[in-house]
Amino acid sequence: MAVEIVAPGLAASVQDRGRTGYYDVGIPPSGAVDLYSSGVANLLVGNDPGAAVVEAAYMGPHLRFTERAVVAVTGGRMPALLDGEPVPQWESVEVAAGAELSFGYLEAGARIYVAVSGGLDVPVVLGSRSTYTLGSFGGFEGRVLRAGDVLPVGTGSGTAGRSVPEELRPALSKDVDLRVVLGLYDYRLTERGLATLLDTTWTLTPVADRIGFRYSGGTLEWQDREQPFGAGSDLSNIVDAGYPLGSIQVPGGVEPIILHRDAVSGGGYAMVATVISADLDLVGQSSPGTRTRFRPVPLEEALAARHEAAARWRQVRELLS
Amino acid sequence: MSARRPSRYSWGGDEHLVVQLDEAMSLEVNFAATAMTRALADRQLAGVADICPANASFLVRFDPDVIAPDVLEAQVREVEREVESAPSLALRTRIVEVPVWYDDPYTNETAARFRDRHQRPEGNDLEFAAAENGLASTEEFIARHSGSPWLTSMVGFVAGLPFLYQMVSRERQLQVPKYLRPRTDTPPLTVGHGGCFACVYSVRGAGGYQMFGVTPAPIFDPTQTLGDFADFMVFFRPGDLVKFTAIDERRYREIGEEVSAGTFRFRQQEVEFRLDDFLAAPDEYNAALLEVLDGR
């Protein structure tokens, strides 16, 4: 059993839940940018939630299945077509040998996930099947998918007709509130700079990919000072340090960047806050133009939000098990 | 170890702890960061996913469902007290020779392509760096750059990229600003410099450091073909000592052939680096290190 890529769509790659333990040498976790949606796609087709799926941004791929399989499409809202006929998202669907899955235009969100019963069986590299394109490894030959690629699929036994109710699907909106924990190098901002960060409605620019999401909308003011030795001359520079996933850096004080799952692991720009783990999927489903506000929360609230997300995950898992 | 301000502990969301030992770079603070991360790793705490030493700070990525943030913080503070009371001044490491073709046409072509993002439209990055550091010629800059060894003070940005801090007194540190706006392209294995740090770009991609030359020796090999990558796809580890050696085009091509044939190995020797001995007499200590590299 295999999935043939008839047309790759945009920036489509193989992802699972990512790898751990190599960030200290600059290798990021990678994995699905919307972990909830990729996990649910797997549950729908009877896979382990950590199985490898196809992730595609903005434009869906065109796939052909060499044998009968059960598939599910989750993530952003994008009409799915099986041999040209509409099929629902967030529902497991049986596909016949030779059937083709294609997509219409994106209607909401940014990324879709296609899971196949058995999971995509690309080689495991450093503990994961996720593609890390900057490092040219993982996934399918370490790169985004191209027409003509043939992805092997493991053995699975999914059931068609299982679905996820509306209330357990992510809300997709062009107006997004992201909860952030302030800190890191935020002491470098003036009071006015911090107020600008929190009071501005930021707009996601087209510079938004698996590495990071860049926003426009204002200029942050930094405290004037003589820069510490080795930091570099710009007031937004620091002695190069590690970047948390979800951290927000603001080079030159303009255009905040939220780092995501293919994050650069470190560098010399001051980070002023970090998006909480429960809201990272929300960033991943933001498309250019999304109006975004940063809402500061204490660590306790970040942990509470994490527990809520975990409870929701348990709920969908029980429903589909 | 000289007294310094208390470290700054901060949460990066609910999955990261960042500890800033100092805002300024120094060998002493980098040693303290290395010592703390090693001691923390030795504790093998469940729920700690990544421990990432940086130049003057470090990052811990953790799962708060397994180890509560306050428990982790208490552990790290304990490690910091241990390291403060018994500073580890010795580092078992290796010294590695990195051959560099300085002022090569590939690097200069890239620099020319992105001149609109640079401080100085005329000349190349090497000429700019020589002038910035008050040196009479690019030859003099290359002599300084390749004359004294460097310490790998951090690995990251992208897979396997080493940040290098030259082991000379602060007055003799080579410093250059980064590009005004980052380039969208840098050839792999470009030797770069920003602030006081040198780097070797491990993969092709964006970059803001000034560019001085190119090494023929891969430092990241996901195919793990070359002997130096038999165990892992990344060559450099924090604590590695590096000696840059200027080579010409002929030698660059020769090494390139060795790489293609799969026979290339870095020239390297194991060594114990002692910070206090180094600080007492840096030039003599560096000379001794280079003798070790030469197998003398």
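This is a predicted model: local features need pLDDT of at least 70, side-chain atom pairs count only at pLDDT 80 or more; totals for chains, interfaces and linings use all residues.
**Exercise 1. Find the domains of chain B and describe how they touch.**

Solution. 

Step 1. Begin with the bounds: the domain assignment places domain 1 of chain B at 8-87 and domain 2 of chain B at 92-293.

Step 2. Next, look at the spacing: the C-alpha centres of domain 1 of chain B and domain 2 of chain B are 28 Å apart. The contact involves 10 residues from domain 1 of chain B and 15 residues from domain 2 of chain B.

Step 3. Now turn to the area. Domain 1 and domain 2 of chain B bury about 1200 Å² between them, with 68% coming from carbon and sulfur atoms.

**Exercise 2. Work out which polar links cross the chain B interface, and what the domain 1 side is made of.**

Solution. 

Step 1. Check for salt bridges: the rule finds zero between domain 1 of chain B and domain 2 of chain B.

Step 2. Check for polar contacts: three residue pairs across this interface of chain B qualify, both residues being at pLDDT 80 or more.

Step 3. Ask which element gives the most to the side of domain 1 of chain B that touches domain 2 of chain B. Helix H1 (residues 27-42) of chain B does, with five residues.

Step 4. Sort that side of domain 1 of chain B by class: five residues are nonpolar, three are polar and two are charged.

**Exercise 3. Repeat the analysis for the two domains of chain A.**

Solution. 

Step 1. In chain A, domain 1 covers 2-168 and domain 2 covers 175-310, according to the domain assignment. The C-alpha centres of these two domains of chain A are separated by 29 Å.

Step 2. In the contact, 27 residues of domain 1 of chain A meet 21 residues of domain 2 of chain A. Together, the two domains of chain A bury about 1700 Å², and 46% of that lies on carbon and sulfur atoms.

Step 3. The rule finds one salt bridge across this interface of chain A.

Step 4. Polar contacts link 14 residue pairs across the chain A interface, both residues at pLDDT 80 or more. On the domain 1 side of chain A, S10(A) gives the most, with four residues. By class, that side of domain 1 of chain A holds 12 nonpolar, 11 polar and four charged residues.

Note on methods. Residues are numbered from 1 along each chain as its sequence is written. Chains are lettered from A and ligands numbered from 1 in the order in which they are written. Side-chain values use heavy atoms; hydrogens and water are left out. Domain bounds come from an automatic or database domain assignment. Contact means heavy atoms within 4.5 Å. Buried area is the accessible area (1.4 Å probe) that two parts lose on being put together, summed over both. A salt bridge is a side-chain nitrogen of Lys or Arg within 4 Å of a carboxyl oxygen of Asp or Glu. A polar contact is a pair of N or O atoms within 3.5 Å; within protein, one must be able to donate a hydrogen and the other to accept it, and residues adjacent in sequence count only if both atoms are side-chain atoms. Helices (H or I, at least four residues) and strands (E, at least two) are DSSP runs, numbered from the N terminus. Ala, Val, Leu, Ile, Met, Phe, Trp, Tyr, Cys and Pro count as nonpolar, Asp, Glu, Lys and Arg as charged, and the others, Gly among them, as polar.
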